[in-house]
Amino acid sequence: MSLKTRWKILLAISIYGVLVSLSILFHQQSDDLLVHDVSRLFPDHVNEIVEGNEIESFQNAIHDANENDLAVSIGGARHSQGGHSYYEDSVFLDMTSYNDIVSIEPDEKLITVESGATWADVQEAVNPYGLSVKVMQSSNVFTIGGSLSSNVHGRDPRYGSIIETVHSFRLLQFDGTIVDVTPEEHPSLFQSVIGGFGLFGVILDVTLELQDNEIYLATTESIDLDEYPEYIRKHVMDQGDVGLHFARLSASPDDLLEDMYFTTYHVVDESESDYPTKEELDDLTPLQEEEHVLRDKFAFGLSRKFDWAKTAVWDLQQKLYGENDEDEWITRNNAMRPPIEFLEYDSSRNTDILQEYFVPVDHFPTFVGDLREIVRKEDLNLLNATVRYMPKSTDATMSYAKEDMLAIVIYVNHSMSDKGIEHMEQATQQMVDAALDLGGTYYLTYQLYPTKEQLKEAYPNFDEFLRLKEQFDPNKRFMNNFYEEYES
Amino acid sequence: MMLKWVVRSQSVLLFGTGLVFPFYIVFLSESGASFSEFGLAYGLFTVSAALVHHWVGRYSDLFGRKIFLLVSAWGNAIVYLVFPVVQEMLAVYIIQVVLGILGALQKTSEKALVADFTDGSNRGVLIGRYHFWISLWSGAAVMVSGFLIDLLTLSVIFYLGSFICFLSGVLTLFIQEEKELGS
Ligand SMILES: Cc1cc2nc3c(=O)[nH]c(=O)nc-3n(C[C@H](O)[C@H](O)[C@H](O)COP(=O)(O)OP(=O)(O)OC[C@H]3O[C@@H](n4cnc5c(N)ncnc54)[C@H](O)[C@@H]3O)c2cc1C
């Protein structure tokens with residue numbers, strides 16, 4: 001190679017390097033005001049994004065919004081999937097930097113935490129005290145504010161939804177004032193802010209009840225779908241020693257929503273002979289980080305596209321979970337941080353969405369049968385289906401568990417084209433109908449596909465909810481797409 | 001045998017552009033709110049290419065073909081860097097015109113160069129071989145990208161394609177035009 005060529009190549013590489021960096025830089029800055037959630041459907045341009053870890057910055061933002069008559073929307077980790085956390089042309093409060101742990105009271109088993117903190121932050125803070133969260137989602141990437149606003153539930157069959165474990169919180173209201181909300185002093189605010197999708201004000205800090213970081217032994221077994229309600233009644237419901245429970249249904253086309261296995265975590269009491277020794281405890285207690293993200297991401301990517309991969313993933317899961325943990329201890333905190341990162345997905349053509357349906361325990365097999373039929377008929381690309389027990393929990397105005405329920409979470413991949421969205425919308429309405437017919441409900445935190453009639457049937461208190469919204473936020477300062485869709 | 005470097009550089013180029021191509025269609029159909037916008041964007045590409053073929057042919061006789069291949073490869077590399085950043089429909093139209101021109105630079109000079117490096121007796125064999133490799137790579141690229149489309153993000157694919165086109169430019173530097181030009 002001649003010297004001249006060598007210099008040319010070197011020069012070209014340098015120039016190209018600069019251009020690549022510039023492009024990446026601009027790419028990252030491009031369209032900062034376009035806000036979307038994890039499903040990436042229905043993004044909106046907001047007027048301004050406000051973040052920070054000072055209450056004043058949020059107060060000022062609300063003050064300015066009042067002055068300029070702009071709506072305010074509030075976002076946490078933005079895992080809700082119907083535009084609940086943002087709104088067109090609004091002042092968008094990004095709460096994720098408002099995330100300090102305020103205090104931990106180990107004796108009272110209480111933690112006070114700023115609403116932008118995630119469950120991962122909380123787990124890190126309480127783990128050294130031998131404490132653990134009572135109710136949270138099945139994974140830990142969500143913010144506390146977002147979790148309260150959806151009134152979330154998890155895998156511990158001993159508790160209902162999160163509202164039952166909230167001690168108190170502070171709320172920044174439309175007029176800039178801050179109220180301390182406890183169930184005793186402000187019952188209607190307490191019951192509607194929790195499960196209220198940010199429509200009543202900004203949740204600032206929250207005091208939550210904690211419990212001990214128990215030691216569990218897990219059992220995984222396959223079970224016949226028809227026998228599952230009975231198993232729940234006998235071995236999960238009102239059993240003090242069941243710490244966590246969930247089940248999976250096959251998404252493989254061969255045995256779609258038929259093959260099933262469950263995992264139950266039993267509490268090992270300190271007095272029992274199989275309780276770990278001090279050294280063993282030291283090994284068990286540190287929080288584990290997610291491993292194999294890339295591998296799992298790839299496998300999941302394949303199952304989005306190919307049926308054989310769905311079957312392979314199902315078989316693999318059964319092998320992985322079904323055989324080995326029989327006699328392995330796990331702490332509650334570690335059991336409450338299962339892998340999730342591998343689900344991150346950002347194709348521009350299609351998206352993964354979640355939905356959750358609740359049906360009274362005994363109707364569960366019937367509902368799954370209906371679901372199977374709809375998935376087949378509509379040819380939905382079902383990727384995953386998990387099941388959990390959701391005890392009756394009616395404290396919140398917008399409660400989904402009117403009685404003891406079994407809940408099924410489905411993970412579906414669908415095209416982001418207008419046609420794909422329309423198709424998913426009408427398939428969703430069929431599934432909602434199937435749930436309603438059996439006395440069930442659906443989870444509001446996902447897409448806005450159900451009709452208003454369906455919403456009102458599932459949530460008979462909705463009119464009361466709207467009335468409370470008017471009472472506590474008369475100018476509709478706090479807005480989001482969920483409210484806009486269903487208010488009138 | 002100088003044809004070797006033409007084959008290499010152009011195979012790599014077509015691999016790069018082939019990788020981006022299916023995504024690029026997705027990108028266009030997504031930026032264009034309507035079919036008419038999509039049609040316009042697509043048409044601009046072809047028309048702008050048509051308009052410059054003449055000109056490229058003439059000037060490549062004067063200045064050599066290599067410089068045009070180089071401009072085409074590196075030009076593509078740069079344009080692909082712009083894609084992830086673009087938001088306006090107008091920018092998409094401009095990019096389409098630029099890509100059309102770059103495509104024309106490549107097509108005409110590539111053919112002329114292959115002709116330069118071959119002569120009467122075995123020209124057919126060599127051109128056949130040349131097209132074999134080129135088509136193989138571009139076909140492979142489309143298949144690879146069809147697979148990657150669900151595993152990677154659009155921007156990553158554009159960056160990957162850009163890098164490959166840049167590489168093609170570097171390989172182009174190794175082509176030495178022996179033939180007397182402008183005669
Ligand atoms: C992969 C995945 C798994 C999930 N698993 C579960 C599960 O196991 N159980 C379950 O119950 N749910 C589950 N969900 C749903 C999830 O818990 C809810 O969507 C939850 O609201 C997400 O929290 P977030 O921090 O992302 O909130 P965001 O989506 O950012 O916000 C949700 C709502 O809360 C409001 N909000 C956020 N912060 C505040 C604040 N500080 N003050 C006032 N309002 C606020 C927003 O305006 C919005 O209306 C899951 C979702 C995904 C995507």
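## The second largest cavity

Let's start inside chain A. The residues that line the second largest cavity divide into 6 nonpolar, 3 polar and 1 charged. What you are looking at here is a predicted model, and the space in this cavity comes to about 70 Å³.

Strand 16 of chain A has the largest share, with 3 residues.

## The largest cavity

How many cavities of 30 Å³ or more does a search of the whole structure find? It turns up 4. The largest cavity has a volume of about 110 Å³.

If you want to find this largest cavity on screen, go to Met136(A), Gly154(A), Arg155(A), Asp156(A) and Leu244(A), which lie nearest its centre among the 18 lining residues. Helix 10 (332-335) and strand 17 (381-390) of chain A each put at least two residues into the lining. Sorted by class, the lining of the largest cavity has 9 nonpolar, 5 polar and 4 charged residues.

## Around the ligand

Now for the ligand. There are 34 residues around it, and the ones that come nearest are Ile74(A), Gly76(A), Ser80(A), Ser150(A) and Arg388(A).

Gly76(A) has a backbone N or O atom 2.6 Å from an oxygen atom of the ligand. Arg388(A) uses its side chain instead: a polar atom there lies 2.6 Å from a ligand oxygen atom. With His153(A), a polar backbone atom sits 2.8 Å from a nitrogen atom of the ligand. How much of the ligand does the protein cover? On its own, the ligand has 970 Å² of accessible area, and the protein covers 97% of that.

Strand 4 (72-75), helix 4 (144-150) and strand 11 (202-212) each supply at least two residues. Helix 4 of chain A gives the most, with 4 residues.

An unreviewed UniProt entry places the feature "domain: FAD-binding PCMH-type" at residues 42-213 of chain A. Over this stretch, 42-213 of chain A, the chain is 21% helix and 28% strand.

## A pocket in chain B

Time to hop over to chain B. The second largest pocket has a volume of about 520 Å³. Five elements of chain B give two or more residues to its lining: helix 1 (3-31), helix 2 (35-63), helix 3 (66-82), helix 4 (89-116) and helix 5 (123-148).

Which residues lie nearest the centre of this pocket? Out of 22 lining residues, they are Leu14(B), Thr17(B), Phe45(B), Gly103(B) and Lys107(B). By class, the lining of the second largest pocket splits into 12 nonpolar, 7 polar and 3 charged residues.

Terms used. Residues numbered from 1 in each chain as written. Chains lettered and ligands numbered in written order. Predicted model: local features only at pLDDT ≥ 70, side-chain atom pairs only at ≥ 80, totals over all residues. Heavy atoms only, no water. UniProt positions renumbered as here; feature names shortened; annotations may be inferred. 1 Å grid on protein atoms, 1.4 Å probe; cavity = no way out; pocket = protein on both sides within 12 Å on 5 of 7 lines; lining within 4 Å. Points joined across faces, edges and corners; volume = space filled by probe spheres on them. Nonpolar A, V, L, I, M, F, W, Y, C, P; charged D, E, K, R; others polar. Near = heavy atom within 4 Å. Polar contact = N/O pair within 3.5 Å; in protein donor to acceptor, adjacent residues only side chain to side chain. Areas by Shrake-Rupley, 256 points an atom, 1.4 Å probe, with all protein chains shown as cover.
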